[in-house]
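Please open the model in your viewer and keep the selection tool at hand.

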Amino acid sequence: MFGLILLVGIPIVAITGLVSYAAYNPRLPGNDTTPERGWLGFYLFDWPTNPAWLYRVTQGVHVILGLTLVAVLLAKLWSVIPKLFAWPPARSLAEAVERASLLLLVGGVVFEFVTGILNIQLFYVFPFSFYPAHLYGAWIFLAAFAVHVAFKLPKMVRSLRSRRLLDELRTGLDGTRPEPPDPDGLVPPAPEAPTMSRRGLLAFVGGASLITLGLSVGQTLDGPLRRTALLAPHGRAYGPDPNDFQVNKAAAAMSIDPADTGPDWRLELAGPRPTYLSRAQLLAMRLHTYALPIACVEGWSTEQTWTGVRLADLARLAGAAPGTVEVFVESLERGGAFGQASLSTGQVADPRSLLALRVNGADLSLDHGYPARIMVPNAPGVHNTKWVRKLSFHPATA
Ligand SMILES: Nc1nc2c(c(=O)[nH]1)N[C@H]1C(S)=C(S)[C@@H](COP(=O)(O)O)O[C@H]1N2
Ligand SMILES: [Mo]
């Protein structure tokens, strides 16, 4: 049962994870700096701006489903723990291959879950960069997963056929009997009397999964349900102020010097016609308002109403034709991985893509990116750069 649940759930987590990689537009300059990624940098398509909520859904599923599967994964590993101590480790070549793949399978899945959970808890204790490690780890794990499924699928089907779920759900502790001896040696030769029924185990693990789901999903659904997200690391309720919604990295945490965001701040537009604009000049341009979500790679998301200047209008002002140019965005942060991102031609050209100046009718707060921030429909949150300093429009990179 646990294998079956993981067989359905893990591919969904894996696919939404690889979709998230594509959503970063890894082809564009600076977006994926993983060294020598070669064919591991594989992805299928350029990330669209429509529908605006798509990344919210795919990344919400990736994180929340991953968390929900933790209990199932632990139970599955527990159920095969005698295998860890099997001696000799392999009796045939086929078994040696299978067991080597298990090392990558179990090591891979533990690595992916541990790094993923540490990341969404903002607990960067590992001595490597999350993004390439989680991606490389995923490919190693997926290869081992494919081998494991090929070896074990027939056995899973046989095991599921050997019992009727309804009968098991009717059987309490009194009627619970040990498994018959199996060729894999997972069943103890002289089992103790059972202390838990099979339905009890299913209820225990299923209950743990549902509790994790229930205490996490509110951070993705947002609105009043955010209050239920007890496991979310970012706090659950924000006040009535227009700027009171989740902040990922506060200005102080990113060493933004408030002096840099004051009246002397200028937006630099690089392109065929370099231009500098003050915030007052930007506010005097044609402003547009759209409800757009911030959907963080960490799984939380929130929709707010943003007002600002179209990126397409800024491109034209810099002498570039929207539809033919990408933009490289730089923030007041110096160095670091967060303060910059490349946006694709489609993202620049979408009329809802804004350099936002206001949110929910108020000026942006410093923590939400004052004086100006990027808001692009369906982009991963990390590409909605705050405290923008410079936009460089350049012809599309092939
Ligand atoms: N310059 C800069 N922009 C940034 C970040 C950052 O650390 N520095 N964090 C990004 C991430 S990861 C997310 S999810 C969003 C969050 O926006 P918010 O803090 O306004 O909610 O901002 C993005 N923009
Ligand atoms: Mo994020």
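Begin with W387, which lies in the loop between β9 (373-375) and β10 (388-395); helices (H or I, at least four residues) and strands (E, at least two) are DSSP runs, numbered from the N terminus. This is a predicted model, in which local features need pLDDT of at least 70, side-chain atom pairs count only at pLDDT 80 or more, and totals for chains, interfaces and linings use all residues. Residues are numbered from 1 along each chain as its sequence is written, chains are lettered from A and ligands numbered from 1 in the order in which they are written, and side-chain values use heavy atoms, with hydrogens and water left out.

W387 is not a glycine, yet its phi is positive, at about 50 degrees. Is W387 buried or exposed? With 1% relative accessibility, W387 is buried (under 20% relative accessible area; exposed is over 50%, partly exposed in between, with a 1.4 Å probe and protein chains only).

Next, select S255, in the loop between α7 (218-221) and β1 (267-270). Its phi is also positive, near 55 degrees, but S255 is exposed, at 62% relative accessibility. Most residues other than glycine have a negative phi, and most peptide bonds are trans.

Now turn to two cis peptide bonds. One joins N50 and P51, with omega about -15 degrees; P51 is in the loop between α1 and α2. Another joins W87 and P88, with omega about -5 degrees, and P88 sits in the loop between α2 and α3 (93-120).

Finally, select L165 in helix α5, which is partly exposed, with a relative accessible area of 43%.
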